[in-house]
Amino acid sequence: NIADCDALDYDGVRTCNGDDDCSGHGHCKNFVCICTGDFAGPNCEVDYMKTPSYLPSSYPIGTKWGCYAAKKWYQDSTVLQQKLSQSQNPKACNSSSMRRFGTRIHGFGAQVHFLSEALASSFQSGKAMTASGEWTYANHEECLDTGFECHFKRISTCWENRDQPSIELEHHPEPLSHWVPDTFSGQSILWFRANLAS
């Protein structure tokens, strides 16, 4: 339960006395570091982007700093999913409210990456995303010679407009791998990309 981290008893464990104890990547609240961006740990000393194999010494939700991080992750994810849903369901589907993306056949991981980039680009521009092109994965017998929708759940009420030029994801002029919306500037790249991929 992460409803009220302050009410939980953590045996008086303190990780900080002031912001200076949070490695320059967070602030001290109730003697616990609240980390920003892609940093974690009792003193915000771990950069997830440089230490992907990091495992905390104790179960994070069992620590006050972990409780705060989980609560913020959940709250911001709820708001982001609402905003994504609004942007993907415009009142009218036309060239001014949509962005059409095309891509070649890639492996699953690369395809999720490119579709996440497309969704980030659409979200940044305030438009709905549609994807074009054929994509097959593992020769699934029900998805041979079909497009993305056989493998991925639709997120937009807009259908692909084949008359609209498509933006090739592999040559996208605005790489957004490290972009996080200003509204969520305190959140991490990992957090934003995980929400896009989900």
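Cys28 stands opposite Cys33 in strand 2. Strand 1 (residues 26-29) and strand 2 (residues 32-35) run antiparallel and are joined by four bridges, where strands are DSSP E runs of at least two residues and helices are H or I runs of at least four, numbered from the N terminus, and where two strands pair if DSSP finds at least two bridges between them. Two residues lie between the strands of this hairpin, in which Asn30 takes a positive phi near 50°.

The model is a predicted one, in which local features need pLDDT of at least 70 and side-chain atom pairs count only at pLDDT 80 or more, while totals for chains, interfaces and linings use all residues. Residues are numbered from 1 along each chain as its sequence is written, and side-chain values use heavy atoms, with hydrogens and water left out.

## Disulfides

The structure holds four disulfides, a disulfide being a pair of cysteine sulfur atoms within 2.5 Å. One of them joins Cys22 and Cys33, with sulfur atoms 2.1 Å apart, and this link is left-handed, with -90° about the S-S bond. The pair links distant parts of the chain, eleven residues apart, with Cys22 in the segment before strand 1 and Cys33 in strand 2. Both Cys22 and Cys33 are buried, where buried means under 20% relative accessible area, exposed over 50%, and partly exposed in between (1.4 Å probe, protein chains only).

Cys35 and Cys44 form a disulfide with sulfur atoms 2.2 Å apart, left-handed with -95° about the S-S bond; Cys35 counts as partly exposed because its relative accessibility is 23%, whereas Cys44, at 0%, counts as buried. Cys93 and Cys158 form a disulfide with sulfur atoms 2.1 Å apart, also left-handed, with -85° about the S-S bond. Cys93 lies in the loop between helix 1 and strand 5 (98-102) and Cys158 in the loop between strand 6 (128-132) and strand 7 (167-168), so this pair ties together parts that are 65 residues apart in sequence. Cys93 is partly exposed at 40% relative accessibility, and Cys158 is buried with a relative accessible area of 2%.

Leu84 is in contact (heavy atoms within 4.5 Å) with Leu119, Phe123 and Leu196, leaving aside neighbours within four places in sequence.

## Ser116 in helix 2

Ser116 lies in helix 2 (residues 108-125) and counts as buried because its relative accessibility is 5%. A polar atom of the Ser116 side chain lies 2.9 Å from the backbone oxygen of Val112. Not counting residues up to four places away in sequence, Ser116 touches Arg193, Leu196 and Ala197.

Technical notes. A polar contact is a pair of N or O atoms within 3.5 Å; within protein, one must be able to donate a hydrogen and the other to accept it, and residues adjacent in sequence count only if both atoms are side-chain atoms.
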